[in-house]
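Please keep the picture open as you read.

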Amino acid sequence: MKKVSIIIPAYNEEEGLKKTVKGVIQAVPDAEIILVDDGSRDNTWKIMEKLSKEHKNIKSYRHKKNKGKASALKTGFSKAKTDILGTIDSDYTYPPKYFPAMIKKMEKGYDLVVGSRFLKGFPKKYPLIRALANRLGALASSIILFHKITDVTTGLRIFNRKVANLPTRAKNLDFEAELTARVIKSRIKYAEVPITMKPRLGMSKLNLIKHIISFFIAVLRGAVLKSNP
Ligand SMILES: Nc1nc2c(ncn2[C@@H]2O[C@H](COP(=O)(O)OP(=O)(O)O)[C@@H](O)[C@H]2O)c(=O)[nH]1
Ligand SMILES: [Mg+2]
């Protein structure tokens, strides 16, 4: 398996961060792990510092102010040393155990492989309203982009530099949707693998109504704006 860098952005995630990182180490022991604290006000940074002292493969970076998830991910992309990148949220919802299968799938010639929570039905441990919003968002995106997509917002992803370098304007949680839309529009090779999920540790940062609006703007922007990969 090729060497990968897993980027873990976090904003006030003291409850789920350590468990997430331990899971990543277990799943992909020789991965470079890049932690990015996005101006948290809880103990997130302290936990990151400790983790990077304890493990030679873990590096921690910090934004002094909160700049949004997209910016934290981009900081991670710029620090990563390998050409295969992975992302996972730090709230413990996405099981890192799927990374090896996703990396294997990439090696079959894909550029972006996402872990889809909806490829095999509805996840049991996910609030129904969120699940419905996600299903509708995926359906609308599939129509807009003319390509079957079952999970546009998933945080569990493996991709190469071609994808990481695509121009995006999203600032926060709309980043994933814009990236997927751009990948499809740029005819870059996209694949999904089914994943399960766990209940979130700590408080959600998501404002559903605000997110739905920025989500649609992001998909449309990804679908309409030209990019030259
Ligand atoms: N870096 C960064 N990450 C954020 C920010 N807001 C949310 N996140 C992260 O994005 C992920 C998804 O947010 P979350 O609150 O879990 O939304 P939900 O999964 O839809 O409930 C989590 O890992 C959050 O820590 C932010 O402002 N900056
Ligand atoms: Mg979450």
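To find pockets and cavities, a 1 Å grid is laid over the protein atoms alone: a cavity is a set of points where a 1.4 Å probe fits but cannot get out, while a pocket is an open set with protein on both sides within 12 Å along at least five of seven lines, and lining residues have an atom within 4 Å of a point. This is a predicted model, in which local features need pLDDT of at least 70 and side-chain atom pairs count only at pLDDT 80 or more, whereas totals for chains, interfaces and linings use all residues. Residues are numbered from 1 along each chain as its sequence is written, chains are lettered from A and ligands numbered from 1 in the order in which they are written, and side-chain values use heavy atoms, with hydrogens and water left out.

Start with the largest pocket, whose volume is about 1100 Å³; a volume here is the space filled by probe spheres set on the grid points, which are joined across faces, edges and corners. Its lining counts 47 residues, and Leu-173, Ser-204, Lys-205, Leu-206 and His-211 lie nearest the centre. Two or more lining residues come from each of strand E1 (4-10), helix H3 (69-79), helix H5 (128-145) and helix H8 (208-224). Helices (H or I, at least four residues) and strands (E, at least two) are DSSP runs, numbered from the N terminus. H8 gives the most to this lining, with seven residues.

What sits in the largest pocket? Ligand 1 does, in the sense that more than half of its atoms lie within 2 Å of the pocket's grid points. Around ligand 1 there are 18 residues, with Glu-13, Asp-38, Asp-91, Ser-204 and Lys-205 coming nearest; a residue counts as near if one of its heavy atoms lies within 4 Å.

Some polar contacts (pairs of N or O atoms within 3.5 Å) can be followed one by one. An oxygen atom of ligand 1 is 2.7 Å from a side-chain N or O atom of Asp-91. Arg-200 places a polar side-chain atom 2.9 Å from an oxygen atom of ligand 1, and a polar backbone atom of Lys-69 is 3.3 Å from a nitrogen atom of the ligand. Taken alone, ligand 1 exposes 560 Å², and the protein buries 93% of that, by the Shrake-Rupley method with a 1.4 Å probe.

Next comes the second largest pocket, with a volume of about 170 Å³. Its lining includes Arg-117, Phe-122, Pro-194 and Met-197.

Leu-73, Phe-77, Thr-87, Arg-157, Phe-159, Phe-175, Glu-176 and Leu-179 line the largest cavity. H3, strand E6 (157-160) and helix H7 (175-185) each give two or more residues to that lining, and H7 has the largest share, three residues.

Notes. Polar contact = N/O pair within 3.5 Å; in protein donor to acceptor, adjacent residues only side chain to side chain.
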